[in-house]
Every structure is written in structure tokens, then in C-alpha cells.
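Here is a friendly walk through some strands and charged pairs of one protein model. Have a look at the model first, and then we can go through it together.

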Amino acid sequence: MSEEEARPSLPRSTGDDAPWLVFSQGQSQIFCSTSNPKHVHRCRVPELVDNLIIGYSQYGWLILRREIDDTTTEFSLLNPITLETIRLPRLINSTGRFERGEHTLPPTDPCCRVVIADNETPQLAHCKPGGGADDTWTVQTFSEEFGAFCGLVLCRGSLYAVTGNSQLVEITMDNNNTLVGKILVDQGPLSLPYTVGSQNWNLVESSRELLWVIVCYRKFSDKELEFVLVYELDKSSMSWVQVNTLNGRAIFISPNRCSFSCPCATNGTKPNCIYFFLGGDNYRKFFAFDVERGQSSQFPLLAHSEGQTELTDDDEDDEPIPHVAFLSYGATAHQTTPQCGLFDETTSEKDVEEAEAEAESQCETQMVEEEKQRALILKLPSDILANIAKGLVDYRNFRNCCRILNSAIPLSPPPYPWLFYFKHYKGNLNFLDLMHGHTHEKQFQESLSDAEVVFSKECWLVMGMTKRIPNPDLDSDIPLRLHITFYNPFTKEALSVAEMIPLPFPSIFGVSAPPTSPDCCIFELCEGFEKGVILSLMRLEDQQLHFFLEADEQDFQPSYHNTPISVDDKFYFLDRERRLGVFSSGHGDEGEFKWTWDVYDWQLMNNVGEPIEDPCDEHGFELEYLVECGGEILAILVSDFGKLVQVYRFNQEHKGWLKVENLGSHALFVSRTACFSTVEKITGMGNKIYFPKVSAKQQNMVFYSLDTRRYHTFHDFEDAMEDFQSSCEIHLSGWIEPAYAP
């Protein structure tokens, strides 16, 4: 792709006004459309070379920052449409690192002020644009109670900042041109999922409202997204309230936390979605999280429109990518929607009454027709009614509608698992039928409204009641479990378990059997203080709790995207290096409790137990799952974007792994909450791996077939997919085996 010889201009999307991704790479830039990531443009815009975008303006300007040397920093304003540049004063001998910026009015307004914030200390600096070369920045240091200013946002004409202490501060200027900070909210939202490790929070203006957006990472991982939470400032109570929609807008968050929002009506981006990066993948992909559905999509980045399929650093002498940001062409400006009244000036009261009467008549007619349809259903033969019921998610309620249905439809659970999920954090429980695509929503018992699912076993959800306590030695809070409850969402039966010993770090749960079984044990594991692991085991039969500290020299590091499995009274677990940890326990001859913890390195073998070359590291597998299948231990490895899926079986005799090409009649169900296998009871379900993913357009369950080595849906099996790019991951989800009680 050749660069233009004339003075370049920033590229524009074809047919839409979607924001761009811009990568500064050496002396040139790579532009990628967010509405069509395959639309890539490479050019050299001198105004962007060596400059860091530290702010987006509602007035269509970018705020740029460039380090001249160790003591001097240069700032400027850039109009991305005209490429007009306004030079700002240089900041010399400053002790801060000012990487957030905002300006209060259009730069041509004499009252405009550009304000920049230090992200390490409580410092702000301000100046007037166009003041001339002799103008200087006024730097102010605020009280230590604020902490560093981590974000600046202009909303309804006022300037707001978020501090390192999670305080919301309003910034004003007094008559002496001095910035004044007033704390409006003492702390940010504290309620976060237990499964969250670290998080990035961002202050965003959207539709003239202040939003607090929290991007949550999976435990001990900066590559795995757990969930995204959005809170809106309630001005009446001055508190943050969780919201589950963006009112049709999209939010874009750059890696340095600079952000903006824009309407989606014409720009080709997804409404109610938040676009962002995760820090651990070197910006090779970006995410779009749907706030209303609780789903995320991933998009790879292309460096060229032809040939090359992934963004690499090879074009610029292997230089790393120093900066990446979202870029909008002034689309952040507010759009107003005309208010539609009940009737206009020419509408008379008589017209309104006639319209209401007609609407009421139509409603009555519709109710009569629906009653006729219900009567026709009840006249169907009982075997047909039973077949209809098999395809319903709400099988039990349909059966209990009346005596005819109750007697005609046998009480039996569906022959395959369902996906359970939460659209919103602490929202209602939803079920998705993987065969038919039906969904059903259930409410939790009020006593479990603050509980979170940490595991699932057959028809039971293992709920953890948690709270978070401040940790003065760490940047984040410590999650502390109060107690565990087994909950059957189909019968609404809840079995409370005595409190577990609170482990010092986030932990992973495993359960050996349903709580109704005398063999039920709860296994809990987390990282040790320096090396090794901390484990606890509780037998439900006697409520006896055992606590262990294993400081093994192999430094076993639990992976938080798979869960322990139980096979023959032993718990198995994969760590981040794919090492297999095995925990076994029992009683000695004199009744004393005994336990062992063994760790086996990852090693591929052939059928006679000889080690063979391991190709796994070449493919960069990002997801690993452990599943019990027919008494065997299987590992499922999934590469980036699901481009490659491999299955291996653990050889107990040689302590190595053998490649598996076919699962036969077995089906594997994998998720972060629990993984298990079933034998197919419906033709066509076997030899497949089911993920908590749906197709992006039709929202049908996506599975991987070991027969075709492709991804499919039951809705349209012939429309095969090569990878996960056309699918969405459902967060806060897992698999459950439905079961009903009479």
C-alpha cells in the first residue's frame, strides 16, 4: 500500500462515519475501521508522529502530547478533519507525567482553557490556547487526599476528574484563574464479581451523563475478559447506579483510558457496545462488549488489506507499537432527538377517544384469537403435545398450565445440558437451549441475590456469598467468602453449607458429586504466598473442613479459566504452564486423615509412552479446559480466536498426554464455571465441543465439530465458521444439566 506523495489527510471510512483505530508505528500510522476491521489504510501523517493522544474533545479536536527530552514536553491541539494544529506552551522541568487532557470550550473561544492531569500525583495544569509562544502552563498541586487524577471529562459544560482514590471531583476555576477541586462522590462502585482479578475503570461522558465504566479481567490474567460493568452518576443522591444500556450509543476507550462516546445510527458500529483493548495481547485485537446482552466480540487487526492477515511489527525494523488509540471525526458531538408528544396541535379530543376505543377493540380481538389458539393446542393428541414440550426451555411451566397438559406430557428433563448465564451482574438467571435457541429467565431466591456462581454440578449451582475487604498492602480489595450454598434453579431447593476458611487470594472451586450424595466434597485451591498452592477440602457428610499448605518447588500456578475435575476420588487441575496437579485424600489404617499433592509436567507421548515433539507452544493456545470423559482425563486446548482446537488424553501409566482425534458418541461442554462430558442422547450431538458462545447474527449456540474441524450451529449446520470471529462470548455463564422434581 503506497503512501501519498502530497500532504496526507486522515483516511475516511467508506459509507459510514465509524471511528478508526490508529496505530503509531515508527514514522507512519496504520488506520483500521472499527465497523469493518478488514478496511485498513497505511499513511504518514506528520502531526501524529511521536505524538500521544491524551484527550478527545466534544468540539472535534484531539489533544496531543510529545516528549522532546527528559525535561521538556510539547502539547498541541489537532483537528482530525482539517489537520489544523494549535501549538500549546511547552511544559519544562515538570515533576509530573501529564497524560490526560480536556479543553472546556472551542479553541477559538477566548474563555477556552486546556487542562491536563498528572496520572501519578495530584497535579493539574492549565493554559489558554493561542496565547503565543511566551504563554506558560499554570501547574497546581492539590491535597494528597485526592491522589492522582486518572481521568478528565467534560460533561454539561463542567469539568470532572476521577482520582486514584476513586473519588469523583468537579473542577472549576475561580476569579483568580485558579483551579478548584470539589469532591462530589467519595468512592467508586465497590460491588464487583468475585471472579474478577484486576480491573480498569474509566470516566466517560455519554448523552450528557457521567458514566463509570469498569473493564474486569479474569483472575490473574490480563488477556481474559471477565465482564464489563457500567454505572451512571445519580445526581440526586450523588452515587453510582448500575445501568444495563447505553441508550443506543457506543463508547470507545483507548489503552491510556482516554474515551469518548458517539451515536451508532449511521456509523456502522454496534449500539450499546463498549470498544476497548485488553493490555496483555499487545493490541493484536480489540473487543466490543454488548452491555444489554452481556456478550463480547473480538476483532483481529489487519496490517494490510492484501496478503498479511495480522498486525505485526515487521514493517518498522521490529519496533514495538508505541501507541494505539481510537480516533473519531467529531462524531462525539451530542445529537438531540425530537420529543414526540401524544398528539399534535391539530388532534381533537374526539380523535383521541376514537383512537383509544379502536386500540381497545383490537386488544380484545387479539385476546379472543389467542384463546382460540390455546384451545386448538389442547385438542392435539397427547404424543404430539409431548413432542412440542421437549423443545421448550420452560418445559415444567408449560406442563403445569392445565390438567390436560399435565397428564399428556411426561415429567422428564431435556436430554442435553443448557447454558445458564446472567445478562447483567446480579441480574436474573437465564437459560439457553442449545438445540432450539429458546431462552428462559428465572429469578433467584431473595436470600441468594448477592451470591455468585462459582461452580456447577449436574443440576446444581454452587453459589458463593462474598464480600470484599480493603487490603492496605495491595491495589485491590480481598474477596472473602462467607459461605457456600447449593441451589437447584429448577426445583428452587437451596442447601446451605458451613463457611469455608477464607483463603488469602482468589480461589477456584471444584465439587466431586451433587450435594445429595454422601461422596460430595468441596475442593478449593489458590496460589500460595510465595510458591506452591493453598488448598481446602470439605466433606458435606460430616461438615469436616481440612486446610493444607503445599509449598512445592515447582511453583504450581493455578489457571483461572478452567476448574478442577473429580475422577476416582481425586481432583485434577491444570495450571498456567499446563502442568497437571493431582490432589488425593483418604483415611489411614488408624482413621487419620491423609492427603497427597502431585504435579506432572506437560509432555506429549505416542501410543507406546514415548515422548514426542510438542507443537502446542507454536500455536499459542490461550484457553485450556480439563474434562472427565468416560473415566478418562481430557485436555482441550484452544488457540487465539479458536483457529485451532486440540484434544489430548492423560495416560495414567506414563504420566503423559496422547492426542485424541475422535470423541465417539461423547460431547464436551466447557466453560470457566465447570466442564463435563455427556453421552449423546439425540443423534448429531456427539463428537462435538460446546462453548459458551453464540453466533453474532442469529444468536444460536456455537459448537466445534471434530468431524469437520469447523464451528457450526444447529440452526444452519452448513454455514461453517473457521474461528470465533463471527461469534460472541456469553459472560457470567456455564453449563447445567436440567432436572425436575414432581
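## Strand S24 and its partners

Tyr275 stands opposite Ala288, a residue of S24. The pairing behind this is between strand S23 (residues 273-276) and S24, antiparallel over four bridges; two strands count as paired if DSSP finds at least two bridges between them. Strands here are DSSP runs (E, at least two residues), numbered from the N terminus. A word on the source: this is a predicted model, in which local features need pLDDT of at least 70 and side-chain atom pairs count only at pLDDT 80 or more, while totals for chains, interfaces and linings use all residues. Residues are numbered from 1 along each chain as its sequence is written, and side-chain values use heavy atoms, with hydrogens and water left out.

S24 also runs antiparallel to strand S25 (residues 295-300), joined by six bridges, and there Phe287 has Gln298 as its bridge partner. Four residues lie between S24 and S25 in this hairpin, and Gly294 in the turn has a positive phi of about 70°.

## An open sheet

Four strands make up an open antiparallel sheet, in the order S29-S28-S27-S52. Its edges are strand S29 (439-442) and strand S52 (733-736), each pairing on one side only. Strand S27 (residues 418-422) is joined to S52 by four bridges, with Trp418 opposite Ile736.

## Salt bridges

The structure holds 16 salt bridges, each a side-chain nitrogen of Lys or Arg within 4 Å of a carboxyl oxygen of Asp or Glu. In one of them, the closest N and O atoms of Arg97 and Glu67 are 2.7 Å apart. Arg97 sits in the loop between strand S8 (91-92) and strand S9 (98-103), while Glu67 is in strand S5 (residues 62-67), 30 residues apart. Arg97 is partly exposed at 32%, and Glu67 is partly exposed at 41%.

Technical notes
Buried means under 20% relative accessible area, exposed over 50%, partly exposed in between (1.4 Å probe, protein chains only).
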